[in-house]
Structures are given as C-alpha cells and as structure tokens.
Amino acid sequence: MKLLNIDSFSDLQSKSVVTVGMFDGVHVGHRHLLRRLQEVAKERDLLPVVVTFDRHPRQVLRPDDPVPLLSTFEERMCLLEACGVENVAIIHFDKETASLSACTFAERFLCGNLNMGVLLLGYDNMFGSRVSNDFDLLPDLASRRGFAICRDDAVVLSGVEVSSTKIRRALTSGNMVLANSMLGAPYSVSGKVVHGRHVGSGLGFPTANIAVDDPNKLLPAPGVYAMNALVGGRRYAAMANLGAQPTFHTSAPALEVHIIDFSSDIYGQRVTVEFLDKIRDIQTFDSPQALVEQLKDDCSKVKALCSNTPPLTSLME
C-alpha cells in the first residue's frame with residue numbers, strides 16, 4: 001500500500017477516483033465502500049485513492065471531548081491495507097483544514113492534488129466546515145472541474161445502518177455480538193503486559209495486566225469477557241476482567257486477561273486481545289474463595305464459547 005502525505009500526490013498524472021473519510025474501525029460499511037472504489041477504478045480506468053486524516057477531527061475541534069477511537073492510526077492503516085487499498089493520501093487535520101468549506105477542500109486537495117475524475121461518497125458521508133457549509137454545491141463544482149459524483153449504498157444489518165457511531169454505542173453497552181457483526185471482525189485492543197498486583201496468581205488464575213497502547217482507544221463497558229489473546233503469532237482462549245476490582249477494594253480501571261492453558265512469562269511483551277462476548281457484569285464477592293468459584297465457572301463458559309465460535313481471522317495480524 002502506498003501511504004503518502006496528500007502533497008506528495010501533487011504531480012499525479014492519472015485521473016483518480018477518490019473517497020474521503022475517517023474510516024474509524026474500517027467496519028463492514030467502509031469495506032463495502034472500498035470494494036466499490038476498486039470497482040469504479042477498474043470500470044473507468046482510474047487510480048483508486050483513499051483520503052483520510054492523521055487524527056480524528058474532534059481531537060482538534062473539541063479537544064476536551066475527543067471521540068473514543070475504534071482504531072488507532074496504525075490499526076486503521078493495517079485494516080485499509082488488508083482491504084486491498086492501494087493508495088492512501090493523508091491530510092494533516094488542524095484548525096486551518098477544519099475551516100475549509102467542502103468546495104474549497106475538494107478543489108484544493110481532491111482536484112488540485114489528486115486530479116480527481118470521480119468522487120465516491122459513503123451513504124452518509126459529508127466533509128468540510130459546518131460554519132461555511134457548501135457541501136450541497138459540490139455538483140456545481142463537479143460540473144466546472146469535470147468530475148463525477150457517486151454515492152454508495154448503506155450496509156444494513158438487522159434493520160440498522162452500520163456506522164462507527166453505532167459501533168461505539170454497542171461497545172459502551174457491552175454488546176460485543178452486535179459490535180463485532182458491524183465491524184466484520186472481533187473488536188481488538190493492543191498493549192504491553194505490565195506488572196499489576198499479582199492477585200490473580202494467588203487465586204490460581206494468573207493474569208496479564210495490559211497497558212493499552214493509545215489512551216484514545218475505546219474500551220468496551222466494564223465486565224467479564226470471553227476473548228482471544230494473540231501472543232507470539234498464536235491465538236489462545238482467554239477471559240478478562242475489564243474495570244474495577246471491588247472484591248479487592250480498588251476502583252482503578254484495569255484490563256486483566258487470564259490466558260487459558262498458558263504459562264509463559266510475557267511481561268514486557270505486546271499482546272492483542274479480541275473481545276468475543278461479555279459473559280457477566282463485575283461483581284463484589286464476600287471472599288476470595290467465592291471469587292475463585294465464580295472464576296472457575298467463567299472459565300468453563302469461556303472454553304465452551306470459544307470452542308463453539310467459528311474461527312475469525314483478525315485483520316490486525
């Protein structure tokens with residue numbers, strides 16, 4: 001995949017078909033759009049180009065209230081490449097970029113840098129400043145500058161149009177089945193294994209305490225989860241406590257993962273976990289022994305769930 005700052009495309013000779021978006025999570029709706037991008041490129045003999053941003057616009061526009069991300073920048077690029085994207089033009093998003101109207105943005109970047117022949121829009125896709133909103137005037141610009149505008153259809157699952165917003169909502173309510181169906185792959189989180197309080201080892205359920213790579217990465221609702229842990233190129237069944245540990249009087253949120261039938265020392269290593277399903281809420285137990293009994297039951301449920309779940313190939317591998 002060719003990944004360049006958009007200014008590096010300024011000498012582009014070939015006409016291009018362009019789609020613009022954040023592509024957070026690269027969900028099934030995005031993938032449908034990316035397949036359509038390839039089809040249009042082939043039908044019209046154009047260069048397919050994905051235009052995206054180095055950060056989410058709300059990180060600039062509302063820095064005190066940023067959007068929790070479904071994918072980090074690195075994850076997003078890996079997912080785009082896995083979807084067969086050939087060319088990605090990156091725009092540095094800052095206050096100047098945010099101030100551009102849709103027509104100015106299209107003329108400066110898409111026509112000026114990318115020699116655009118077709119603009120492919122997602123079903124609900126818009127861009128440009130809402131203050132100087134001239135998105136509806138894009139057809140006039142298209143007529144003047146000689147490019148066509150196409151809009152892709154929405155992808156609908158169980159009567160719901162797939163979007164990054166709806167996936168965030170599903171994750172924050174702990175509905176992993178819905179979130180994963182819209183993503184088209186298990187929701188994953190990566191981070192380095194760090195030392196915790198080693199409580200799990202004393203209970204017979206050692207855990208990997210994962211320090212998530214990016215603080216802007218969205219974590220699902222607190223609870224106990226069935227998951228896969230990707231360690232050293234292999235996938236293991238695992239269960240995790242995400243959130244506080246009230247039995248041990250700590251309210252600090254943590255992602256502690258017990259990898260089933262695994263005993264290697266992985267402190268300092270980077271691990272990726274894939275959330276499959278939430279199996280229960282966090283509870284307070286009268287004693288550590290009561291917690292152990294519950295963990296045994298949780299482990300049995302996780303093994304059954306993982307053995308009955310068709311293998312899913314993570315796009316992050």
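This dialogue covers backbone phi and nonpolar cores in a predicted model.

Student: What limits apply to the model?
Tutor: Local features need pLDDT of at least 70 and side-chain atom pairs pLDDT 80 or more, while totals for chains, interfaces and linings use all residues. Residues are numbered from 1 along each chain as its sequence is written, and side-chain values use heavy atoms, without hydrogens and water.

Student: Where does N115 lie?
Tutor: In the loop between α5 (102–111) and β5 (116–121). Helices (H or I, at least four residues) and strands (E, at least two) are DSSP runs, numbered from the N terminus. N115 is partly exposed, at 22% relative accessible area. Buried means under 20%, exposed over 50%, partly exposed in between (1.4 Å probe, protein chains only).

Student: What about D261?
Tutor: Its phi is also positive, near 55°. D261 sits in the loop between β13 (250–259) and β14 (270–280). D261 is exposed, at 70% relative accessible area.

Student: How do I read a nonpolar core?
Tutor: Nonpolar side chains tend to be buried together in soluble globular proteins. A core is a set of buried Ala, Val, Leu, Ile, Met, Phe, Trp, Tyr and Cys residues joined through side-chain atoms within 4.5 Å. The largest here has 34 residues; Y187, L255, V257, I259, V273 and F275 have the most contacts inside it. Elements giving two or more residues to this core include α7 (164–172), β9 (187–194), β13 and β14. Apart from it lies another core of 31 residues, among them V20, V60, A106 and L119.
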